[in-house]
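Me: I have a model open and want to learn how to read its packing features. Could you take me through some of them?

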Amino acid sequence: MRQKAEPKRVRSLSFGLERLGLTALRYPLLAAMLIVAITIAAGFGYSRLKVDDSLSELFRTDTAEFKDYETISERFPSSEYDVLIVVSGDQLLTRKSVQALRNLIIELQFVEGMAGEVSLFSAREAPEPGKIPGPVFPAELPKGDTYKALIDKVRSNEIIKGKLLSDDGTLTLILLALDRQIVESHGLNHVVQQIHDTAERELSATGLKMQLSGAPVMQLEIRNAVERDRFKYNLLGFLFGAIIAYAFFRRFALMVIAALPPIIAIVWSLGLFGWLGFKLNLFLNVMIPLIMVLGFSDSMQLTVAMRNRLVEGDRRIKSARYAVLVVGPACVLATATAAASFIALLFSDSALIRTFGIAGALSTVIAFIVGITLVPLLTRALIPRNARAYSANLKRHDRAMNALKSLCRRIAQVGVSRPKMIVTLGLLVVIAFGAIYVTLSPRYRLADQVPDREQAVAASAQLDAKLTGANPLHVMIDWPQGKTLYDADVLKVIGDVHIMVETQSGVGNVWSVETLRRWLAKTQEDTPERLKEYVSILPDYLTKRFIDEKDNSVVVTGRIPDVDVGDLLPVIEKLDGKLNAVRDANPGYRIVVTGLSAIAARNSATMIGKLNAGLTTEIVFICIFLGLAFRSLMVAVVTVLPTLFPVFTAGAVLAASGEGLQFASIVALIVAFGLSLNAAVHYLNRLRLEDRPGEDPAIGVERATVLIGPALVLTSLILAFGLGVTVLSDLPSLRLFGKLSALTLMAALIGDLLLLPASVLLWRRFMGHLRKEPAHAHGRMPA
């Protein structure tokens, strides 16, 4: 006998929001026209999308530290906008190589957007009274022993040694200052490509290795990676979802019904981002697979429910209506829980992460609207009217789905036969992994935000190893009004700060006005008047790196390696503490340690800690929220173990791999936790529909697992792959995001198919006897 198609009458969990799908069924032409119109409008919005490649956006806050960083970027534009050319090789200081390097310096002057250069050839001879010192390298390079003597002098030169040339003479650094306005007009890609091509051409015959680094190069590599990943994620995520859908549905029409809504959801969401002025960045780029999996989640659940009714012989409209009324409320709740996981990100201090949270919440709502309207609409358009023939055809090709149901039945039998053992084991694992999770410490490195398979990270690693580091660290000094740079006390403060920076362990390659004064002091030429004369002689691009007389400000710049925040923060704090002596002795001066590395070291640990606290709050909130939504204390209690299991499992893996809590990992945990609840919500929704008064609770739990299990497995696979596809990214942070998200989702599936049913069964067996379950009569899940 064919089962009845009308869903069991129960109290709504969703305030009737799922009935939006019934409206699409009733007015198909109007719904189709609206969908087409919105899709066209979204297409125009998509064309407005731009890529945000800023390295500092992650730390943009309203704090004094970030305002200091913005100030130094405005006063000294090149301080964080240098292109670094790293040239290395055993033959670096041969006459042929040095001549090629000199030719390169000359040719680089013709690159569009070039504001100035600092290199080996910028160094000058020691000053002589009344004379302008000449360059260390003469116009014509000598030969033989004279050339060897020249190289010895170069390697011992204080301006060059340890700053522009490594101690072993195998690596040299060329700093290129770019004009931001010209770069913006010509395009960063064009300028960096010109630099790369020029260097490659001039050094091709030397056998030297050349790589580019610096903030502009990193920004470009981030931008290119984001644009490549956008296509990669779309293609692979869609292909896998479509393949899974076809493998189990065995019908092209059903595959389209399940796969088209995610595509439309992506177009709508990205179009909305474009209209809202959002920019794609290393976090927002994750929205593409996220929207894909959110869309597949709802469309797959609806399609499976609709297909089950078609197999039973129901007509297409009746089947679509059944799917909307039975699965729709769970889709609403799943959307609410996923949106809550994104809303939790709004508590972050980072503007970038807050934008990610807003975009995620909007995408979640869009994915629900598209799925709940498009699935019934496509069902009406693509499924044949002849229900009996179509049902017979589906039954003949139902082997994959039947196999999946058999697997779910075996899992259910294990769960209901050994609930105490399963819950006990789950509890022990959660306690053990939870103890590991709380030991995780915040981790952050700039290199984790930049593609690590390209040249910038490799070049920076060489600088870290041989020239103390590639990342700039600045100390900005503002002197009081009424004084000038050349006053004795101003120069003394600059000198004192310079000494403290260069003597700070972990900081090297220090430059400032004091560097020039010391050079002049070799011949007792370091008077304020002589210093002022030399400053006026130097090119503007060089003086503007360190001096801003208009704002009574100078900067002392050193370089530090790209190490973990746990190693970098003590260096920053010690330096800042040492500078208190200068501040106390000179109360009218403002002295601040700043730069991207400084704000990253100070803010990343705090921000990651707040995100982690937000995850804890989210877990508590959602368990309470589900209990209220289902009007059941049982739901609030039994969802705790399955929701903690995937989060703590992922934390244990992070600890085992030594990766710690990074921005990408904590965001992945927050988002994947919200998405993993999707399976729990659909299971609990099916459980309340399968509840029978007076029946052994084990029967209802097993029946619910068998009925909802196949859809949970399919959606979890698609969810895990949709996020896991980011492991193909060139960005390390996105690879970590994808790996952790996929792991969390698969662990959540184990929790939903084993821990959740076992917990429900134990609750009902050991607590249900205290009451007679009056809630059955009202269609509520027993408390």
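Reply: Start with contact: two residues touch when heavy atoms lie within 4.5 Å. Keep in mind that this is a predicted model.

Me: Which residues is Ile494 in contact with, leaving aside its neighbours within four places in sequence?
Reply: The partners are Ile477, Leu485, Ser512, Glu514, Val554 and Val556. Ile494 itself sits in helix H17, residues 488–502.

Me: Is Ile494 buried or exposed?
Reply: Buried means under 20% relative accessible area. Ile494 has 2%, so it is buried.

Me: Now Leu362. Where is it, and what does it touch?
Reply: Leu362 belongs to helix H12. Setting aside residues up to four places away in sequence, it touches Leu272 and Leu276.

Me: Next, aromatic rings. How is a pair described?
Reply: Two numbers do it: the distance of the centres and the angle of the planes.

Me: How many aromatic pairs does the structure hold?
Reply: It holds 8. Tyr444 and Phe663 form an edge-to-face pair, at 6.0 Å centre to centre with 85° between the planes. This pair links distant parts of the chain, 219 residues apart. Tyr444 is in the loop between helix H15 (419–437) and helix H16 (455–466), while Phe663 is in helix H26 (residues 663–690).

Me: Are Tyr444 and Phe663 buried or exposed?
Reply: Tyr444 has 6% relative accessibility, so it counts as buried. Phe663 is buried too, at 2%.

Me: What kind of pair do Phe621 and Phe625 form?
Reply: A stacked one: 6.0 Å centre to centre, 20° between the planes. The two are 4 residues apart in helix H23 (residues 596–630), so about one helical turn separates them. Phe621 is partly exposed, with a relative accessible area of 47%. Phe625 is partly exposed as well, at 25%.

Me: Which residue lies over the face of Tyr322?
Reply: Arg309 does, at 5.2 Å from the ring centre.

Me: Last topic: helix pairs. At what angle do H15 and H25 pack?
Reply: Read the angle together with the distance of the axes. H15 and helix H25 (residues 640–657) pack at about 45°, with axes 8 Å apart. That angle makes H15 oblique to H25. Their crossing is left-handed.

Me: Which residues meet there?
Reply: In H15, they include Val423, Gly426, Leu427, Val430 and Phe433. The H25 side includes Leu641, Leu644, Phe645, Phe648 and Ala652.

Me: And how do H2 and H12 cross?
Reply: The axes of helix H2 (residues 28–47) and helix H12 (residues 351–382) come within 11 Å and cross at roughly 125°. Angles from 65 to 115 degrees count as roughly perpendicular and those over 145 as roughly antiparallel. H2 and H12 are therefore oblique to each other. H2 passes H12 in a left-handed crossing.

Me: Which residues make that meeting?
Reply: Pro28, Ala31, Ala32 and Ile35 in H2 meet Thr373, Leu374, Leu377 and Arg380 in H12.

Technical notes. Residues numbered from 1 in each chain as written. Predicted model: local features only at pLDDT ≥ 70, side-chain atom pairs only at ≥ 80, totals over all residues. Heavy atoms only, no water. Phe/Tyr/Trp six-rings, centres within 6.5 Å; stacked < 30°, edge-to-face > 60°. Buried < 20%, exposed > 50% of the residue type's maximum accessible area, 1.4 Å probe, protein only. Lys NZ or Arg CZ within 6 Å of the ring centre and 35° of its normal. Axes fitted to C-alpha atoms, helices over the stretch in contact; angles between N-to-C directions. Parallel < 35°, antiparallel > 145°, perpendicular 65-115°, else oblique. Left-handed = near helix turned anticlockwise from the far one by under 90°.
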